[in-house]
Amino acid sequence: MSNQNVLVTYSAPVSFLASENWKQVLAALQSQLPLRSIHWKSASRPNLKTIQELELTLVPLDSLRDEHTSQVPVTLLEKPLLNLYVVTCEDNDLYKTNVKKQIKDWHSAISQRKNQEWIIVHVVGSDIKATDRKFFNMKSSVLDKIKADFNIDKRDRCVQLSWTAGDHSPVIWADLVNKIKDGLLSALDSSVSQREEEVRRSESQKQMPGWNFCTFFILKESLASSFEGVKLFEDALHQYNELEVSFIQVLREKNMSWFGSLIQPVDNDDSMPLLSITKKHYRDLILANSISVFDFRIYLLARQCALLNKMRRPSEICQKVTAFLGTFGRRLREVEAKLPEYFIESWIFSSALSVVDQCDAWAPTTELDGIQLARFTASKGELLELAKTQLDIIGVKVGPLPKKMPFATTCMEETALHPRQISKRSSTRRISNHEVMLAIGDKEAFYDLYCATSNRAIEMYVKAGRRKFALKLHGFLAALDIHRGRLASALAIFTSLPAHYAPHMWISLESFVLSRALDIHAELENPQDREWIHILLAYLRTCTNDMSKELASEVNKEKSVTQLVRALHTAAANLDSDLVHTDHPVMAVQVSGDATCSDDEDLALVNTTVSNHLPCDVFVDEINITLRGRDSERLTFIAKVDKLPPGQSTITLSCPSSSWGLYTLESSEVVMSRVHFQWQHTGTVATTLKRNQISLVRVPRSLRALDVQIRQPQQTELGTTSHLLLVISTGQNDISRATIKPTPPPGVQFNYSAARLETEGTGTLEASDDAIVLLDAPVDADVIISLPHSDASRYHTMKIGLNVTYNTQSSMGVVRTLQTSRVVAVSLPIAVNVEDFFRGKRLFSKFTISATSHQHVRISSTELQGARSLDGVKISGCRPSRPVVTVTPEHPVNFLFSIESSNGPVLEPLNLVIKYRILRDEVEALVRQTVEAVLSSMPVEKPQYGSLRRMLIDKLVAQLESDAEWVDAYRATGEIILPRSFEDGEDFQEPIREALAQCRPETASPCPWKEIKIPVDVPRMNIVTAAQITVQRSSLPGDIQSDQLPPIYAGQPINATLIFKTSFHWAEKEGKQRCYTMRYDVEERVKDWLLCGRKRGDFVATDGGSFAVPLTLIALHHGEITLPKVDVRPLPISTQASMGSTVPSADVCQVHEAEKVLILPRGGRSTYIVGMGGEYE
Amino acid sequence: MAPPLRLNAVAFISPQNHPILIRTFEKGDELKYHYVAHTSLDVIEERSQSNGPTKSNDCYLGLLYAMDEIAAYGYITPLKMKIVIALPLTDSVVRDAEVIMTFKALHLAYYHASSNPFIRLHDTPAGVGSAKWKRFRRKVDEISRAVGGGSVPS
């Protein structure tokens, strides 16, 4: 019925119909079918419909007879939509006489028919078409005549087809095909609008008595099947959907007289394929008004699904069926008593399965693309789950399944029948689904069916990517396993499921699954091992969230948690190794406030708030937290605790340490025998982001605690092993053993075994290779240990990590620690440069001392020391004008020494010893002294004294650091004038201020002088030359006095002698016998002097020898002019051994360097004669 | 005359797919509705994938699926918070307009609740759904009552 094609009739003159030619024409016409791309623009429809492809059935006109006089409206396509008449006549006369009449007969018959179109096709042979017409042939053609005779209205219904056998060109058909399309559309349009009008009329009569839904349905369905016939599935489906809506409306109005009962179950009703429309004679039943609602709905659904299938939308079929089975199943429950037992369940079950099969048959999965396929698979999964749900219901009723969650739901209880109703059930009929019958009879069969169906559904869901649906079904299967006693497999499923719920925090479901797992574990009596602890911890994790309570049916949950926690404690003790569990939310440890120090021992205490989120006591052993300091040194605070009550509790943790400073809370831990709950508070980015607050803990400094300072020794000697001094202040501790491990910066090694104790009576050192071990140090002592280290000159300051572990006599068992770091300046505050000047047998060394930092350095004395063995060397320095010289960063200070050596060069190095101190240290010592003096003059109790002194000194130093104004005054007078802002809050302020402001000498500070010893090599020199220009008096006129130069005038030539005196005194012994060739060069100063004579020349130098050259000088201008300089260089001497040449070292001094010659301006007289103008006339 | 809607359960789910609040108006079936809320996420994901950006401004997702005599409807806010309601499956037509209205009311309730300045939204995944904030629950219950009844859990 629905496969009816569009009918097109043809007819032709009888003779033509019989001819062979006609058959060819017909075959050629059929080869042009099906029609493609028909665009239907109807006046009654808003948008353009496109029929992609339309099959036509060509039938001879005679074969149709008007036999369909039935009142039942069937499809509109039953009757032909188009009639063709084919003419071949080419002769006008023949047409007039014969053909015209034939056409007229046909036309009159056809035009009577409603909603049918007609076309006259004039076939001409293509070979004769172009010969004559139009202009030359005045007679009109046959086609024109036909048009004139029949084509009355505007529409052109006559087509010429120029066709010969064998011509397959589509061009010649185009006109005809278009005409056919137009004709079909116009016929369809008119018939559809007519039928629609009928439907509308029928619908409007709905409220009238006697209106019958079934007739209306048939009428409207005819429209739908017409649409289907022309491949407009969308419109066809629309008709059915409208029918469904109006059916439901009618149903709601309970106006159901024309229907049979809701359902008249017949055999096999429950097991027949749902989507088959041939399983019953539905249309006959509808026509007979005897169809039941059940059958009617199935028919409607099947038709809709068939259309959806043609539209390639299989997933919608499944969704529609799922919804239908659900809703209609619910309706059927109303009449459940009349139905065979388990009819509804069996019907839904088998229908769902049959639809899945049907859809698979209809739509091979290869045809669908990704998303569609996923949807299709998912909706198949839904159908299968629906089938499984029916098994739930049957199972609960029959008995294989327990009547509890998750199988039984409240809906079932509502619909459960009263026993009275069951007894009324018609027992004549039974359900017919074999599988279901078997399952009802046999438990094992039921379980198999249940598992098979569930697994099919899971498979579909997994394929479709619906993981969460699959998880749910796994949960059901596990529940089934529990019921069947397969606890092990149920446990396996239940332990694997939480992992899927946890990431999205579906605490409720996770908690439910975990509690099941725990129950099974208990039932199985499995050992409470590591795995069990993991499950339990996961369960406890969920317990802290209030979401979990929503699914907890047990009232005594609190009690069960209590038992579980108790069990956890015993299980934890039985573990064979530690189990670390991080970030568990059951408990939390937070530090509240800063740490405090114990008064009588080196102990830091910190208060923590421990929250227990469980409703019961938790038995634990220990709580500890780890704090991390600036240099990632760690402090661990520990407290032993028995149990944690619910809620928050404050616990004080302690750490035997004398470290102090600012720390961050790094991690915390609660230890329950072998189970460690850990929380990281800092560290990874993720955790800090989550909490975004870092707990800072300030550990205060205990002034009576052990402390270690590092400083440089008082005496430094360059070129020998460097030392550092470790000053260990024992404070309140009488140390029995302390291990001090200073960690040098990279590249520097400490020689621990060579450490020496500098102070007497403060314990002993034990030799050790990797640390300094100090034994038996008394209370309140400063133990000074000198520690040699390798060269650290590449550091300006060294940062030395200190790690001290120690125990005291009073509490031997406690190992205390001190972790800190100290910075010590390695570089010297002063730098020394030396410049040497040779003068014959004397050497003058100029030492320039400059400050390397911004600190002022006080220098008490400098001394150049030679070794005692040094013979014939006399060193003398300058006498300082002041007792203390200050080197500032801007002003270096020079010290000059003269070395007089009688036996040639000084081979051994001399030592420059500088006694210095930094101004800052000096002032600090002064401050300390002053404070001590002031405090001792005041009545201060002994225990307070130490801390008060420290506090005051620190405060004063900080004050002085903050302002540098006092420095100049101090340098001038020794007065320290405190800034005004200094306040100490007590009455020490004034005495200290006064005491500091006293005038004092520069050496008054008690700060010890530091000493630095710098080795100095005395340089050697091969040749020392003294060059001298002497002006000869004899050359000058007026040689009157021998010791005074006569006046010299500018421009006057002066005779001078250039004398070189060479000495090899500072050369090594073997060099003294040699002689060197030297070259001299007199400086040419063209503005001052004109120079005559040998300005440049070579001479040979010998030890103690001299060489003289005469020169003539002419002063160019008057004034005091220095004599020109003379440059003397040794010439390279070639050494035979190395083939190269070396230049001996040489030093030259200008003897006349300080001499100036007074040049007088040249006197003279000039006579100028000026004419008076007498001879002019 | 359509029978009034009846809410069986309402679920608010965060953009990260964490449950915010699952409110069940049928006693004893809490597990079922938790499952419904959880499984709905799959369908919502499927929908948002296949629809793509074309219909992204449409919050209402329509019927997600029907199962176990329950029809689950979905709604996704512009900030990807999801609301799922479970209606009993009936033979009568459920009008989308009514469902959308219910969703909008629920969304507004959440919106008001989360505007509470005292809530630290990111402290717990549940946020406003936690039992500490009773007003939100009360509001949801009121909506359920207004829509068509159903017993309100204590």
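Chain A contains 27 helices and 50 strands, where helices (H or I, at least four residues) and strands (E, at least two) are DSSP runs numbered from the N terminus. Chain B comes to three helices and five strands. This is a predicted model, in which local features need pLDDT of at least 70 and side-chain atom pairs count only at pLDDT 80 or more, while totals for chains, interfaces and linings use all residues. Residues are numbered from 1 along each chain as its sequence is written, chains are lettered from A and ligands numbered from 1 in the order in which they are written, and side-chain values use heavy atoms, with hydrogens and water left out.

**Chain totals**

- Of the 1177 residues in chain A, 48% are buried; buried means under 20% relative accessible area, exposed over 50%, and partly exposed in between (1.4 Å probe, protein chains only).
- Chain A exposes about 58,300 Å², of which carbon and sulfur atoms supply 51%; accessible areas come from the Shrake-Rupley method with a 1.4 Å probe, and for residues only the protein chains shown count as cover.
- In chain A, 73% of the contacts between residues at least 6 apart in sequence join residues at least 24 apart, a contact being heavy atoms within 4.5 Å.
- The elements of chain B follow the order β-β-α-β-β-β-α-α from the N terminus.
- Buried residues account for 56% of the 154 residues of chain B.
- For chain B, 53% of the contacts between residues at least 6 apart in sequence join residues at least 24 apart.

**Helix α4 of chain A**

- Helix α4 (residues 142-150) of chain A has A:Val142, A:Leu143, A:Lys145, A:Ile146 and A:Phe150 as buried residues.
- Viewed down the axis of α4(A), these buried residues fall within an arc of 160° and so line one face of the helix; the arc is that of the directions from the helix axis to the C-beta atoms.
- The cover over the buried residues of α4(A) includes β5 (82-87), α3 (92-112), β6 (117-124) and β7 (158-162) of chain A.

**Helix pair α10 and α11 of chain A**

- Helices α10 (residues 314-333) and α11 (residues 343-362) of chain A pack at an angle of about 170°, and their axes are 11 Å apart.
- Axes are lines fitted to C-alpha atoms, for helices over the stretch in contact, and angles run from 0 to 180 degrees between N-to-C directions.
- The helices α10(A) and α11(A) are therefore roughly antiparallel to each other; angles under 35 degrees count as roughly parallel, over 145 as roughly antiparallel, 65 to 115 as roughly perpendicular and the rest as oblique.
- Residues of α10(A) that meet α11(A) include A:Ile317, A:Val321, A:Phe324, A:Leu325 and A:Phe328, and among those on the α11(A) side are A:Trp347, A:Ile348, A:Val355 and A:Trp362.

- In helix α18 (residues 487-496) of chain A, the buried residues are A:Leu487, A:Ala490, A:Leu491, A:Ile493 and A:Phe494.
- These residues cover an arc of only 165° around the axis, which puts them on the same side of α18(A).
- The packing partners of the buried residues of α18(A) are α17 (467-484), α19 (498-501) and α20 (507-524) of chain A.
- A:Ile520 belongs to helix α20 of chain A and is buried, with a relative accessible area of 2%.
- Leaving aside residues up to four places away in sequence, A:Ile520 touches A:Ile482, A:Leu487, A:Ala490, A:Leu491 and A:Phe494.
- A:Ile520 and A:Ile482 are 38 residues apart along the chain, and their C-alpha atoms are separated by 7.9 Å.

**Loop residues**

- A:Ser673 is not a glycine, yet has a positive phi of about 35°.
- A:Ser673 lies in the loop between β17 (661-672) and β18 (675-680) of chain A and counts as partly exposed at 22% relative accessibility.
- B:Lys80, also a residue other than glycine, has a positive phi near 70°.
- The loop between β4 (70-76) and β5 (82-88) of chain B holds B:Lys80, which is partly exposed at 44% relative accessibility.
- A:Ser598 sits in the loop between β10 (596-597) and β11 (604-612) of chain A and is buried, with a relative accessible area of 12%.

**Cysteines**

- The count of disulfides over all chains is zero, a disulfide being a pair of cysteine sulfur atoms within 2.5 Å.
- A:Cys878 is exposed at 54% relative accessibility, and A:Cys999 is exposed with a relative accessible area of 58%.
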